[in-house]
Amino acid sequence: MNIIICSHPRSGTHLAIDLIRNNINGYELPYMSYHGVIKRNTRQLYMLRSRLENSRRVFKMHMLPGKLQVHDNALQLTYDTISRNSLFVYVYRDGRDVLVSDYNRKLEEGRIHNSLSFKDYIREANNSDVGNPIQIWLTHLLNWGAYNGKIEYVDYSYLLNSPVSFLDRIASKANATFDAVSFCDMRLAESEHQDESVRYGNGIVAIKGETRTSIRFRKGKIGDYTNYFDVQDKHCFNSVIVKEAKRFGLSSHNNYFNMDWLARFAPKPAS
């Protein structure tokens, strides 16, 4: 069974990927990006389908569920092969922290000008038809929240603080095995394209010469938004939440900041 991590960017996608590859038996191979898959030609897609028919592979995908159906026959067959016997995992994170992380990442990569303030960034309309970064994040979460398929919803803080419990849960759903005694949280090779690797004793693959740090060491901290959001920003963010919540049939009386309304789509695992 393949495992597809379909979270919004900056929500814990790579943390989930590395935890699974490190610890759940059969998933040690480098992850594959679905965005990379859709760039392949017909012959390459045919060869890929034959490899993935009965595979155990981790995939990364940031697309909306409504965009998974495509008109290209070869690509649709490939997606059907990947997802036919797959477990989708959606890691959700407080949108305010997602926005802060996304803003800083784009600044570092030069994808936005350093003169653009955080206040302007969260209000700026994107080139897509969705809207500003707040709307883009929330549209992604609510659409996957309404997904009618085999999917597990995982709170980012739970993933970060209770990785063994997360792995036990995902392994069970994927009909795989996980041994908590040999739990490992060290970093792996990032993708299938990085072939300069070395295999460790328990089958883990890592880049030659890399610094093996814990995958749970993250620059973005839970609640970091408090260092960025002022009163006006909070009002802007909450107004989008209320508007979109109504559109999806959620009560606007629920307090988003306690994450209560999210429970319908992403219930936290039982303690």
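**A walk around helix α5**

Hi everyone, let's start inside α5, where G95, R96, D97, V98, L99, V100, S101, D102, Y103 and K106 are buried (under 20% relative accessible area with a 1.4 Å probe, protein chains only; exposed is over 50%, and partly exposed lies in between). This is a predicted model, in which local features need pLDDT of at least 70 and side-chain atom pairs count only at pLDDT 80 or more, while totals for chains, interfaces and linings use all residues. Residues are numbered from 1 along each chain as its sequence is written, and side-chain values use heavy atoms, with hydrogens and water left out.

What covers those buried α5 residues? The cover includes α6 (118–121), α7 (133–145) and α10 (231–247). Helix α5 itself takes in residues 95–109 and reaches 21 Å from first C-alpha to last, close to the 21 Å expected at 1.5 Å a residue (that is, 1.5 Å times one less than the number of residues). Just after α5, G110 has a positive phi of about 75 degrees.

Now to α1, residues 13–23, where 10 of the 11 residues are buried. Among them are L15, I17, D18 and R21.

In helix α4, residues 73–83, look at Q76. Its relative accessible area is 12%, so Q76 is buried. Q76 and L45 sit 31 residues apart in sequence and 9.9 Å apart in space, C-alpha to C-alpha.

Zooming out, the chain has 10 helices and seven strands; these are DSSP runs numbered from the N terminus, H or I of at least four residues for helices and E of at least two for strands. Buried residues make up 49% of the 271 in the chain. Thanks, everyone!

How values were computed. Contact means heavy atoms within 4.5 Å.
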